[in-house]
Amino acid sequence: MSQFFELLLSGMMLGCIYGLIAMGFVIVFKATNVVNFAHASIVMLGAFLVAKWHGSLGFVGAIAISAVVCAAAGALLDLVFIRPLRRRGAGIDALAIITIALNILLGTQLIRMVGNDLLPSGAPWGAKTTSLLGADIPQARLVAAIVAIALMGVFFLAFTRSDWGVAMRSAASDPEAAALMGIRLSRVAAGAWAVAGALAAIAGAFFVSFPAGGVSNATGLLALSAIPVAVLGGLDSTAGALVGGLLIGVAQQLTAGYQDNLAFLGRGLSNVVPYIVLFVVLLWRPSGLFGTREVTRV
Amino acid sequence: MDEVAEQSGRRRPRGDEPGGAFLAVTDLNVSYAGVRALRDVSLSVGEGEIVAVLGNNGAGKSTLLRAISGTLPLQRGTVDSGSIRLLGKRVVGLDPAGVVRMGVVQVPEGRRIFGDLTVEENLRAGTFGRVGRKGVGAAYERVFALFPRLRERRRQRAVLLSGGEQQMLAIGRALMSDPKILLLDEPSLGLSPQLVDRIGDIVRQINADGTAVVLVEQNAAMALKIAHHAVVLEVGSVALEGPARELSATSEVRERYLGIAGEDEPRTITAEPIKRVTSGKRSPRPLGIQDLTVRFGGLLALSAVTLHVEPGSTHAIIGPNGAGKSTLLNVLTGVYVSSSGSVDYGGSELTRMRPPQIAGLGISRTFQNLALSPTSTVRENLLLGRHRLSKAGFVSAGLRLPAARRELAEQTRIVDGIGELWGLGEVIDAPVGALPYGVRKRAEVARALCAEPSLLLLDEPVAGMNADESAEMARSIVQTREALGISIVLVEHDMPFVMGLADRVTVLDFGKVIADGAPRDVQRDREVLRAYLGFAEGSHESGEEEPPVSAPDAAQEKGETP
C-alpha cells in the first residue's frame with residue numbers, strides 16, 4: 001500500500017510538470033488555433049540551455065535566461081513560419097504539419113548537440129528525498145509541483161482578469177471581430193507563443209531533474225507525452241491541462257512502478273500508457289475532459 | 001421626424017470638397033482574387049449624419065464596410081484604386097486596429113459577439129481600441145444607459161443572451177472605444193419586427209449623441225426611416241443616391257427595396273408551371289405531431305406541440321426568436337431527441353428514428369445558416385444531395401467502373417436540371433463560397449430538392465434577403481410545390497412572406513402553439529399580434545419584452561454568419 005501511495009504522489013508531481021508543458025501547448029492553441037507540435041523540442045531546448053548554463057548562472061539564473069531565450073524562440077517561430085503562411089491562407093491542418101516539421105528540425109539539431117551524453121540539469125536538490133505523509137518524494141519533484149501550481153494559478157488569474165487575458169480570449173473566440181474592436185491579432189499571437197516558450201523552459205528544467213537523469217537525446221520524445229495530456233484535458237482548456245497532466249503522470253508512474261506485475265504486457269509500457277489513457281478518454285469524451293465541444297449549427 | 005427632414009433637406013458637401021466630409025470614400029475599386037466587387041464607389045458621410053447603404057445580397061455593401069474597416073485582407077480582398085479618408089487622413093493600408101484607433105468602428109454582420117466571454121468582458125474587449133484609458137468608466141455608463149439589459153446581465157456569458165440582446169451587446173461593444181463613426185452591418189438581421197424598430201431607435205439615439213453612422217441594411221424601410229442620406233448599391237456600383245426621404249419616395253426604391261407594389265394587389269403568388277426533371281414517384285404522406293415536448297435541462301423548448309400537415313400542402317411555422325421553431329425542425333429530422341410526444345409521418349414514428357433513416361423516408365431539409373461546402377462547386381454540392389439515391393458503392397465509384405460512370409452522368413444530368421430550375425445554371429461550376437448569399441440560399445434549397453423529398457423542410461429560406469429576392473424565392477417555392485406535389489414545412493420569421501405562400505400557419509411562442517389556422521385568420525389573431533408583433537392594445541412600451549432564448553437557439557445564434 002505504501003508503494004502505491006508513493007507512486008500516486010510522485011505521479012501527481014510528474015503530472016504537474018506535464019500540466020505545465022501542456023499549458024503552453026493550450027495557450028498557443030487557444031490564441032492562434034495552431035496545434036504546436038514543436039512545443040516538445042522547445043521543452044528540450046529549455047532543459048538543454050539550463051543544463052549548459054547552470055554552472056555559471058546557477059540553477060535559478062539559468063532557468064530565467066533559458067525562459068527568455070525560449071520565449072524569443074517561440075515568438076520567432078510564429079513570426080517567421082506561422083504568420084506568413086497564415087497570411088497566405090494556410091489552414092490549421094497545414095500549420096500543424098509545419099510545426100511537426102519544425103519539431104523534427106529543432107529536435108534533430110538538439111539531439112546532435114546532446115549526443116550520447118546525459119547532461120544533468122544542475123538542480124540544487126540533487127537526488128535528495130523528503131518524507132511526505134510517509135512517502136519518500138524527490139525534493140526536485142516537490143519543488144517542481146509547487147512551481148507548476150503557482151505558475152498555473154498566476155496564469156489562471158491573468159486569463160480571467162487581465163487585459164491580456166481578455167484580449168486573448170476575444171481573439172480566440174472570433175479573430176475577425178477582435179480585430180474590428182482594435183485588438184492587434186499579431187501581437188496577441190506572438191505573446192502567446194512567447195509565454196508558451198517560457199513555460200516550456202521552466203517545465204523542461206524540472207522535467208529532466210531527479211529522478212530523471214538529465215537531458216538526453218530522448219528528452220524531446222518524452223516531452224511529446226504532453227500532447228496527449230493537452231488533448232486529453234481538452235485542447236482549449238487550461239484546467240484540462242492540469243487534470244490531464246495529473247491523470248497521465250499517475251498512470252505512467254503506476255505502470256512503471258508495477259512493471260513486474262505487468263510483465264505480460266511487455267516492457268516499457270509506461271511510455272505507451274499516456275496514449276492508452278488518451279484513447280480511452282476520447283472514446284468517452286471526444287473533445288477531451290474540459291474541452292468545449294465543437295458547436296456545429298444544425 | 002422634423003429634425004430628420006430638416007437635415008436631409010440641407011445641401012451636403014460632397015467628397016471632392018476637401019475638409020467637407022467626415023468620411024469620404026472616393027472612386028473605390030475592390031476585388032476578390034481578381035473578381036471585381038466594387039466599381040468606382042463614392043460615398044461621403046458628414047459629421048453627425050446617418051448614411052444608409054442599401055442593395056441586394058452581393059451588391060457589395062459588406063465589401064464597402066470591410067474596405068473602410070481594414071478587414072478586406074482577412075477575406076482575401078484588395079483595394080485596387082480609390083481612396084478612403086477620415087477627416088482628410090488616409091485610411092487605406094491601415095490594419096483594422098489602426099482604423100479603430102482613428103475612430104471608425106464596425107459592428108460586424110451576424111453580431112459576432114465573443115460567446116464564451118461575459119457581457120462585461122465583451123465590453124472590456126471593446127475598450128482595447130481606445131487611444132487612452134481616460135473615459136473608460138464613462139463609456140461603460142453610456143452603454144449601460146443605452147442598454148439597461150446589459151447591465152443586468154453583465155456577469156453572464158454572452159452566448160446565453162437572446163438574439164436581440166446579442167445585437168445590443170455587439171453595438172455596445174463597438175461604442176466602448178467612443179468612435180467618431182460607427183459602421184453597422186445588418187443590425188436588424190434575424191430580429192423580430194418589434195426589435196427592428198428598437199434597433200432603429202437606438203441608432204438614432206447614438207447618432208444624436210454625436211456619432212456619425214453608416215448603416216448597411218437589408219431592411220430598407222427601417223434604414224430609410226432613420227437615415228439622412230442613402231446610397232443604393234447594385235452589382236458593385238452606386239445605382240442611386242440622395243436624401244433618404246427623396247429616395248424612399250421614388251418608385252424604383254419602393255418596388256425593389258420596400259416591397260410596396262400597390263397596396264390593394266392581393267399577395268397571392270402565381271408561378272409558371274415547370275417541367276419535372278426527375279421521374280421518381282413522390283407520394284407525400286400526412287405528418288402528425290402530437291403533444292411533442294422537448295426539454296433542455298430545465299428549459300422547456302417545446303411544450304405539448306400538436307399540429308398536422310396535410311399531404312401536398314405548404315404549412316408555415318412562425319414565431320419570435322427562441323420560440324422553438326428550429327428545435328421543432330431538428331426533432332423532425334432526428335437531430336434532437338424529444339422528451340415526450342410523437343411525430344408520425346405516414347405510419348412511421350420519427351422520434352425513434354435516426355437522421356439517416358428519416359432522410360430515407362423522403363424528408364429533406366435546408367438550414368437557416370447554409371450547410372453547403374464552400375470549397376466545392378454548386379454541382380458537387382447538389383450531387384451530395386443525391387447521395388441517398390446513388391447506388392454506386394465506395395469501390396466502384398472510386399475505381400470509376402463503367403456502371404458508376406454511367407450513374408454519375410445520369411445524376412449530373414438531374415442535378416443540372418434542378419440547378420437550372422433554381423436559377424443556378426450559370427454558376428453551377430462556381431465554388432459555393434464565392435457566390436453571393438442570396439444565390440447560396442437558393443443552392444441550399446436546390447440541394448435539399450436533389451434528394452427527391454416528399455416532405456421538404458425549409459428553415460428561414462428568406463432570412464437576410466430583401467423584398468425583391470424573397471419574392472423570387474417565393475415564386476420558386478410555389479413552382480416546386482405545384483410541379484412535384486410535395487408537402488412543404490416552412491419555418492419563417494418574415495410574416496408577409498409566409499402569408500402569401502402558406503395554406504396553413506402555426507404560430508409558436510415560448511415553445512407553445514398559440515394559434516393555428518388559415519393565414520387570413522392567424523393574421524388577425526390578437527394573441528399572435530401581441531406575441532409576434534408586440535402591439536396588441538396599442539402598447540408600445542412592451543418593446544422591452546423579449547422571450548427568453550432557448551438553449552439550442554442561443555447556440556445557433558452564436559455564429560450567424562455563413
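**Entry 1: a four-stranded sheet in chain B**

I began with an open sheet of four strands in chain B, ordered E12-E11-E14-E15, with antiparallel pairing. Two strands pair, in the sense I use here, if DSSP finds at least two bridges between them. The strands (E, at least two residues) and helices (H or I, at least four) are DSSP runs, numbered from the N terminus. I noted strand E12 (299–309) and strand E15 (348–349) of chain B as the edge strands, each pairing on one side only.

Next I looked up how strand E11 (residues 287–296) of chain B meets E12(B): they pair in the antiparallel sense over seven bridges. In this pair, B:Leu292 stands opposite B:Val305 in E12(B).

A note to myself on what I am looking at: this is a predicted model, where local features need pLDDT of at least 70, side-chain atom pairs count only at pLDDT 80 or more, and totals for chains, interfaces and linings use all residues. Residues are numbered from 1 along each chain as its sequence is written, while chains are lettered from A and ligands numbered from 1 in the order in which they are written.

**Entry 2: a six-stranded sheet in chain B**

I then found an open sheet of six strands in chain B, in the order E16-E17-E18-E13-E19-E20, with mixed pairing. Strand E16 (363–365) and strand E20 (512–517) of chain B each have a single partner strand, so one side of each is left without a neighbour in the sheet. From one strand to the next, the twist averages 15 degrees.

Which helix packs on this sheet? I found helix H12 (residues 325–332) of chain B there, touching strand E13 (314–318), E16, E17, E18 and strand E19 (504–509) of chain B. Its direction makes about 150 degrees with that of E17(B); for such angles, axes are lines fitted to C-alpha atoms, for helices over the stretch in contact, and the angles run from 0 to 180 degrees between N-to-C directions. Contact here is between two residues whose C-beta atoms, placed from the backbone, lie within 7 Å. H12(B) also lies across E11, E12 and strand E14 (340–345) of chain B, running at about 65 degrees to E12(B).

**Entry 3: strand E18 of chain B**

I followed E18(B) (residues 487–492) to its partners. Five bridges join it to strand E17 (residues 455–459) of chain B, and the two run parallel. B:Leu456 stands opposite B:Ile488, and B:Leu458 has B:Leu490 as its bridge partner. Five bridges also join E13(B) to E18(B), again parallel, and there B:Ala316 is partnered with B:Leu490.

Is E18(B) enclosed or open? Six of its six residues are buried, so the strand is largely enclosed by the rest of the structure. A residue is buried if 20 or more other C-beta atoms lie within 10 Å of its own, exposed if 12 or fewer, and partly exposed in between, with C-beta atoms placed from the backbone. Both faces are covered: B:Ser487, B:Val489 and B:Val491 are buried on one side, and B:Ile488, B:Leu490 and B:Glu492 on the other.

**Entry 4: a hairpin, and chain B as a whole**

I looked at strand E1 (residues 23–32) and strand E2 (residues 35–45) of chain B, which pair in the antiparallel sense over seven bridges. They form a hairpin with two residues between them, and B:Ala33 in the turn has a positive phi of about 45 degrees. B:Leu23 stands opposite B:Val45 in E2(B).

Buried residues make up 49% of the 562 residues in chain B.

**Entry 5: helices of chain A**

I checked helix H7 (residues 185–207) of chain A: 21 of its 23 residues are buried, so it is largely enclosed by the rest of the structure.

Helix H10 (residues 238–257) and helix H11 (residues 269–284) of chain A have axes that come within 8 Å and cross at roughly 145 degrees. Among the residues making the contact are A:Leu247 and A:Ala251 of H10(A) and A:Val273 and A:Val277 of H11(A).

**Entry 6: where the chains meet**

How many residues of chain B are in contact with chain A? I found 31, and they touch 20 residues of chain A. On the side of chain B that touches chain A, helix H3 (96–101), helix H4 (119–126) and helix H22 (551–558) of chain B are the elements that give two or more residues.
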